[in-house]
Amino acid sequence: MIFVGLSHKTAPIEVRERLAIGRSQLPEVLARLTAHPAIAEALVLSTCNRVEVYASPRRPAPGLVRPGGAPPSADDERALQNEALRAAVSVLIGIGGDAVRGHLAGRVGADAVVHLFRVAASLDSMVVGEPQILGQMKEAIEIARGAKTLGARLGRAAHRAIKVGKRVRTETAIGAGQVSVSSVAIDLARQIFTELTGHTALLIGAGEMAEAASKLLVRAGARLVVVNRSPERAAALAREVGGEPRPWAELERAVVEADIVVSSTSSPSYVVTLDLVRRARKARRGRSLFLIDIAVPRDIDPAVNKLDNVYLYDVDDLSQIVAQSVEGRAAEAARAEAIVVDEAQAFEAWTLERALTPTIVGLRARTRSILAAEVERSLSGKLRHLGPAERQALALMVEAATNKLLHVPTTRLRAMAADPRVAEHVDSLRELFDIDGAPVDADGGVARALAEGEPRDAADDRRTPLSARGAEPPASGDRGVDPALRQAGPRAHAAEENGHQVRPPGARPQPAEASVLAVANPAAAVRAAGLKGA
């Protein structure tokens, strides 16, 4: 698995809004990612403060895999991850332009899983503990599923991340109190006016963040005016919180009347322009105007901050209050970090164990095939006089012998999953037992094993024993979008050929070309790609 993206930690708002991807554009971006030969699965998380790509590298096509379905070697795995890393970078730069390159961060392998889990736990949020991220991640998963870009590997990691986020919120108090960008914005308003009672607040927008802000403003005593492009949504929100709805045509008049303006829309362009504020400022006759823009892309032209008696704050200006919020929940954040590490380790162990499945199945099939051949030979010779009952007993004995013979090596092989030399052990095992060259029919012992309770994984068409396939790894306790993108469909890169090559049995991997980021250290791979650590 790989991760590439940017967030409030790596990029200022003027860079983040270049890469802002609206909900309606996500399927197209996902299609563009998975059309690349290096990417098999993709998930895109796009929020006000982050745009991140999570992807699973594409495995070699049937016939190009290592003999017998053996898992990729460490070098092979790194090469696959590096190709996917570069592919994701290319797509993001295609959307946001070259200006975003220096702000992109990346991780690969287990580090990417940890980052995904931290995001779901709101540990990487601007406001640590905010609850909105879980809903945003669920929506991203549903969109990826609808676009058919979420398969068995990445899908399992994404759904596990949701469970990690829920566990953190259940077992810690990291989300105690009002913790969100909206709540921080209202705290800022309180700092400006001390008391909001008697003051008029204008809310522009009627989405989730706007709704949260409206409730907090009314609770603080402010008179609330709601303006939205949809009169129905403005009326519904105003009715729910006890505010006054206004039509969009009265936006400027509402700005003139307001002491505080909080804007949170999904508009691709400024809804509060410099000219609008200039006119409103003149009508206000010197009264100060405070504007809080919590939208990305921004709703309010930043140039208004140059006007006298006009004070504009955007999401990046909330950092001081956010820092205080983090300090107040430091102990809970530490507990949440421990949960993330615990869950990531469990997920990684499960993932590595699952990668050993082809070898375990091959070993069982090879052993069962040899024993079955010997039994058949005996039943055709000296034991041909045995009746059905005796033959059934003999078959059961052979199965029991197979299980007992392979119990220890299978258990120890799974225990080696976290060993960095596991690929060497697997190669040695396959060679010693001639698993790849076993003289069996097309399905051989594997087909028989399947018939005895080892189902096919429909997602990746590989046979996986029930014991290694558990439903989940064990739990431990429109601005800025390149117009060309809108024309890029699922076939955008269909003409590109799969770059995987056949490697003959026993052949050593060829040295990676200079353009391939095949390095032993995942962090070095990220640096070689010109990316930051997340």
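1. Burial is used throughout in the following sense: a residue is buried under 20% relative accessible area, exposed over 50%, and partly exposed in between, with a 1.4 Å probe and protein chains only. The model is predicted, so local features need pLDDT of at least 70 and side-chain atom pairs count only at pLDDT 80 or more, whereas totals for chains, interfaces and linings use all residues. Residues are numbered from 1 along each chain as its sequence is written, and side-chain values use heavy atoms, with hydrogens and water left out.

2. Helices (H or I, at least four residues) and strands (E, at least two) are DSSP runs numbered from the N terminus, and two strands pair if DSSP finds at least two bridges between them. On that basis an open sheet is formed by 4 strands in the order 2-3-1-4, with antiparallel pairing. Its edges are strand 2 (39–46) and strand 4 (105–108), each of which pairs on one side only. Neighbouring strands are turned by 15° against each other on average, direction ignored; axes here are lines fitted to C-alpha atoms, for helices over the stretch in contact, and angles run from 0 to 180 degrees between N-to-C directions.

3. Within this sheet, strand 2 pairs with strand 3 (residues 50–57) in the antiparallel sense over 7 bridges, and S46 stands opposite V51 of strand 3. Helix 4 (residues 110–120) packs on the sheet and touches strand 1 (2–7), strand 2, strand 3 and strand 4, its direction making about 140° with that of strand 3. Contact means heavy atoms within 4.5 Å.

4. A salt bridge is taken as a side-chain nitrogen of Lys or Arg within 4 Å of a carboxyl oxygen of Asp or Glu, and the whole structure holds 30 of them. K9, R50, E52, R118, D124 and E337 are linked in a network of salt bridges.

5. What separates R167 and E171 along helix 6 (residues 152–171)? They are 4 residues apart, which means a separation of about one helical turn, and their side chains meet in a salt bridge (2.9 Å, N to O). R167 is buried, with a relative accessible area of 13%, while E171 is partly exposed at 33%.

6. D301 deserves a separate look. It is found in the loop between strand 9 (289–293) and strand 10 (310–314). D301 is buried yet has no salt bridge, the nearest side chain of opposite charge being R298 at 7.6 Å; for charge, Lys and Arg count as positive and Asp and Glu as negative, while His and the chain ends are not counted. Leaving aside residues up to four places away in sequence, D301 touches Y270, V272, T273, L274 and L312.

7. Rings of Phe, Tyr and Trp (its six-membered ring) pair if their centres lie within 6.5 Å, and planes under 30 degrees apart count as stacked, over 60 as edge-to-face and the rest as tilted. The count comes to 3 aromatic pairs. The rings of F117 and F347 have centres 6.0 Å apart and planes at 75°, so this pair is edge-to-face. F117 lies in helix 4 and F347 in helix 13 (residues 330–355), so the pair ties together parts 230 residues apart in sequence.
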